[in-house]
Amino acid sequence: EIALDPLPREAVETDIVHSPLETDLLRRAAARGNRTEDGLGMLLHQARPGFAAWFGREPEVDEALRRAVLAD
């Protein structure tokens, strides 16, 4: 378990895990007032080259794509 006490309130806590999106680490950081970022963005950006190779176009990684992936 990672101790969050030394973390400044203005720090952003990130986690590379994309399932579940809200990990215990992110939940604890948010509870103490830190901004958080889940791992879905990293997963989507890593998928861009493969998608482009298969479909011949580069996908836009934006909020609409996040919503589409999460709607599944």
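Predicted model: local features only at pLDDT ≥ 70, side-chain atom pairs only at ≥ 80, totals over all residues.
Let us begin with touching: two residues are in contact when heavy atoms of each lie within 4.5 Å.

Residues are numbered from 1 along each chain as its sequence is written, and side-chain values use heavy atoms, with hydrogens and water left out.

**Leu-70 and helix α3**

Leu-70 sits in helix α3. Helices (H or I, at least four residues) and strands (E, at least two) are DSSP runs, numbered from the N terminus. How open is a residue to its surroundings? Buried means under 20% relative accessible area, exposed over 50%, and partly exposed in between, using a 1.4 Å probe and protein chains only. Leu-70 is partly exposed, because its relative accessible area is 45%. From Leu-70 to Ala-31 the sequence separation is 39 residues, and their C-alpha atoms are 23 Å apart in space.

Helix α3 also holds Arg-66. Is Arg-66 buried or exposed? Arg-66 counts as buried, because its relative accessibility is 19%. Apart from its neighbours within four places in sequence, Arg-66 is in contact with Leu-21, Asp-38, Leu-40, Gly-41 and Leu-44.

**Where α2 meets α3**

Two packed helices are described by the angle between their axes and the distance between the axes. Here, the axes of α2 and α3 come within 11 Å and cross at roughly 100°. That makes α2 roughly perpendicular to α3. The axes are lines fitted to C-alpha atoms, for helices over the stretch in contact, and the angles run from 0 to 180 degrees between N-to-C directions. Angles under 35 degrees count as roughly parallel, over 145 as roughly antiparallel, 65 to 115 as roughly perpendicular and the rest as oblique.

Which residues make this contact? From α2 come Leu-40, Gly-41 and Leu-44, and they meet Leu-65, Arg-66, Val-69 and Leu-70 in α3. By type, the residues of this contact are five nonpolar, one polar and one charged. In this sorting, Ala, Val, Leu, Ile, Met, Phe, Trp, Tyr, Cys and Pro count as nonpolar, Asp, Glu, Lys and Arg as charged, and the others, Gly among them, as polar.

**Salt bridges**

Side chains of opposite charge can pair when their charged atoms come close. A salt bridge is a side-chain nitrogen of Lys or Arg within 4 Å of a carboxyl oxygen of Asp or Glu. How many salt bridges does the structure hold? There are five, including those in this table.

| Salt bridge | Closest N and O atoms |
|---|---|
| Arg-28 and Glu-1 | 3.8 Å |
| Glu-22 and Arg-27 | 3.4 Å |

Asp-38 lies in the loop between β2 (35–37) and α2 (40–55) and Arg-66 in helix α3 (residues 63–70), so the pair ties together parts that are 28 residues apart in sequence. Asp-38 is partly exposed, at 22% relative accessibility. Salt bridges with shared partners also join Glu-1, Asp-24 and Arg-28 into one network.

Arg-28 and Glu-1 form a salt bridge too. This pair links distant parts of the chain, with Arg-28 in helix α1 (residues 24–31) and Glu-1 in the segment before β1 (12–14), 27 residues apart. Glu-1 is exposed, with a relative accessible area of 88%, whereas Arg-28 is partly exposed at 24%.

For the pair of Glu-22 and Arg-27, Glu-22 is partly exposed at 46% relative accessible area, and Arg-27 is partly exposed at 40%.

Which residues of α1 are buried? They are Leu-25, Leu-26 and Ala-29. Seen down the axis of α1, these buried residues fall within an arc of 95° (taken from the directions from the helix axis to the C-beta atoms), so they line one face of the helix. The buried residues of α1 pack against β1 and β2. After α1 comes Gly-33, whose phi is positive, near 100°.

Leu-4 lies in the segment before β1. Leu-4 is buried, with a relative accessible area of 6%. Not counting residues up to four places away in sequence, Leu-4 touches Glu-13, Leu-25, Arg-28, Ala-29 and Arg-32. Leu-4 and Ala-29 are 25 residues apart in sequence, and 7.0 Å separates them in space, C-alpha to C-alpha.
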